[in-house]
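Open the model in your viewer and keep the selection tool at hand. The stops below go chain by chain.

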Amino acid sequence: MAQEERFWRLLRWYPQEWRDRNGAALVGTMLDDAERQGRAGPSATERLSTAGYGLGTRLDERLALRAALAALVAAVAGGAVMIWAIYPLATAGAAWVLPVLTVALAPGLIVLGVAALARQRGLLSEPRAVVAVMLTLLALVVAAIAQVSWGMGFDAADRGVTVTGLAAGWVWLFGTAWALGAAAIAVLVDSLLYRSRLHRAASATLAILAGLLLAPAIGASLISPYAAGIGAAGLALLTLVPTLASRRVSHPSTQVRRAAADISTRTRSLARLLAATTAIVSAGAVVYALTGAHWSGTADATAVMGQGITIALLSALPLLAAIGVLVVARGRAAHTWGPLLFVVLALAAVAVAFRNAPAWDGMVAGFAVGSAFGGAAIAWWLATRLPGSAGTRTAIAVLIGLGYTAFLGILIAPMLAFALPLVAAAFAIWAPRRPQPDPESRDGRARPPVRGALRSTS
Amino acid sequence: MAQPAFWILTALTGGRRHGYEIMRETAVASEERVRLKATTLYAALDRLERDRLIRPDGDEIVSGRARRYYLITNDGSARLAAEVDLLEQSTRAARASMSTSRAASASPRMAVV
């Protein structure tokens, strides 16, 4: 019994639920094997293997969801720090907070979640998932320290002081992060290539090359805190993917959704007219923004640009109405006009902000309010449309909306203003079209070949 | 198909087996070239069961030790047959290529002046 106890103790690496289901059978097999080899307890290889498989089994979809939610929280905090607290923190000697949040914590949680999903879906073996996560976490911690070191070195150079201590170790830190990151990526790529039947040497070479090239690229992308926000949102949505297929049948929204063909011609015409209105007005606004200073009598090009962007953003209102009309016509009466109203309020806030252009201090309040309304619109829209349980999809939607708010996501609106004429024109032309019936499925019979086709083949 | 999955399905084509039997049969059939560890075996069994290529067929206590038996499913048999076809095709191609290269190296070489 003492011998059996030693094997049971080893199984603590596995989650309780797995042990309850498979523990007795695994211990029985281990005891049989130990008996055949004349051992009284687990071998060193068995200990290592159990640790790898046990820890790897803990990387499941539940952990992926928790990691995604935690990564979103870290990213929201990172966004808030970047926009509102970066200078006070730097003054207080706490400039390290941002890299810790957006280079180490959020990306580390994202990697943990991605590895858990890949492991659960059979793309990564348990021990490889554990090794990849450990290497990546180490790489990210070193990368965050490297970023702090770079900042310290930069400040020292600015003051004309000799670079010493942590600031002097930047090259070594960068090299170590690169090596660890490359090793982690190599493990992941090698696992993915395992199914390709490539020769071992070829797949190992490709994996190492991928690691060496991708590690610095990914590391460089983490300099921008937006990468952590986008990655966290992507992982959160990815965790909902497996439930998509299972909920396609039962989701209430799909039951009431009508086919595009059921939308009346009058509704289509109205949506097309509204979108065309946006296309025409926003095109005029863009032309005014870019050239108005030459012919409008207002010499200040910046003021003209601000006015043009404001008009373009307000001209998006008919397009939003067109989207609402079509979505409602497809059976989405609830939770459509509410989020769209928030988008209107967000655009209005940006329009108000542009009255103080180009002074950032005068505009920032408008952008903050606009981002809050935009975040609320995103949260509302996603919470009522994502698959998954109500609690999960609401939590993910709210955190993505908060992320948008924290990163001042509405700052993209002025750039979108210039794309608006094309987007609205494309919507007017394509979106409300009646879909062509499938000739193969009509009445369950295939359409007979046309006479010309018969003649040409005879 | 991964090696553990291939050998597990191969062992189960012989009928109902428990974990340790699968390990031993794999070692014997592969002439000790493939030795599954118990942890690898149960991770692969978990995956194969999830993919419905095998199914559990009851737990028994034999000499005080728990043994879980498994059976291969129709999907599992089809998957193994497809894998074997692919391996045979690959082996034929490799043999043909090797015999061609052997014949080429054995034939007398003509010097071009």
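The tour starts with conventions, then visits chain A, the interface and chain B.

**Before you select**

This is a predicted model: local features need pLDDT of at least 70, side-chain atom pairs count only at pLDDT 80 or more, and totals for chains, interfaces and linings use all residues. Residues are numbered from 1 along each chain as its sequence is written, while chains are lettered from A and ligands numbered from 1 in the order in which they are written.

**Stop 1: chain A**

Select chain A. Its secondary structure comes to 19 helices and 0 strands. Helices (H or I, at least four residues) and strands (E, at least two) are DSSP runs, numbered from the N terminus. Of the 458 residues in chain A, 42% are buried. A residue is buried if 20 or more other C-beta atoms lie within 10 Å of its own, exposed if 12 or fewer, and partly exposed in between, with C-beta atoms placed from the backbone. Now look at contacts in chain A between residues at least 6 apart in sequence: 74% join residues at least 24 apart. Two residues are in contact if their C-beta atoms, placed from the backbone, lie within 7 Å.

**Stop 2: helix α9 of chain A**

Select residues 200–221 of chain A. This is α9(A), with 22 residues. From first C-alpha to last it reaches 31 Å, close to the 32 Å expected at 1.5 Å a residue. The expected span is 1.5 Å times one less than the number of residues. Where does α9(A) bend? Go to Leu214(A), where the bend is about 30 degrees. A proline, Pro216(A), follows within four residues. The bend at a residue is the angle between axes fitted to the seven residues ending there and the seven starting there.

Colour Ala207(A), Gly211(A), Ala215(A) and Gly219(A): these residues of α9(A) are buried. Their cover includes α6 (126–159) and α8 (170–193) of chain A.

**Stop 3: helix α12 of chain A**

Move to residues 265–295 of chain A. Helix α12(A) has 31 residues and reaches 42 Å between its end C-alpha atoms, close to the 45 Å expected at 1.5 Å a residue. Just after α12(A), stop at Gly297(A): its phi is positive, about 90 degrees.

**Stop 4: the interface**

Show both chains. Here 16 residues of chain A are in contact with 16 residues of chain B. On the chain A side, α2 (16–37) and α3 (44–58) each supply at least two residues. The largest share, 10 residues, comes from α2(A). Colour this side by class: 6 residues are nonpolar, 6 polar and 4 charged. Ala, Val, Leu, Ile, Met, Phe, Trp, Tyr, Cys and Pro count as nonpolar, Asp, Glu, Lys and Arg as charged, and the others, Gly among them, as polar.

**Stop 5: chain B overall**

Chain B has 4 helices and 3 strands, in the sequence pattern α-β-α-α-β-β-α. The radius of gyration of chain B is 20 Å, well over the 13 Å that the globule rule gives for 113 residues, so chain B is more spread out than a compact globule. The radius is taken over C-alpha atoms, and the rule is 2.2 Å times the number of residues to the power 0.38. The C-alpha trace of chain B spans about 80 × 25 × 20 Å along its principal axes. Buried residues make up 30% of chain B.

**Stop 6: the sheet of chain B**

Select the strands. They form an open sheet in the order β1-β3-β2, with antiparallel pairing. Two strands pair if DSSP finds at least two bridges between them. The edge strands are β1 (17–18) and β2 (54–62) of chain B. Strand β3(B), residues 65–72, pairs with β2(B) over 7 bridges and with β1(B) over 2 bridges. Pick out Ile54(B) with its bridge partner Ile72(B), then Arg17(B) with Tyr70(B). In the hairpin of β2(B) and β3(B), 2 residues lie between the strands, and Ser63(B) takes a positive phi near 50 degrees.

**Stop 7: a loop in chain B**

Finish between α2 (19–29) and α3 (38–50) of chain B, where Glu31(B) sits. Most residues other than glycine have a negative phi. Glu31(B) has a positive one, near 55 degrees. Glu31(B) is exposed, with 7 other C-beta atoms within 10 Å. Glu32(B) lies in the loop between α2 and α3 too, with a positive phi of about 65 degrees. Glu32(B) counts as exposed, with 9 C-beta neighbours inside 10 Å.
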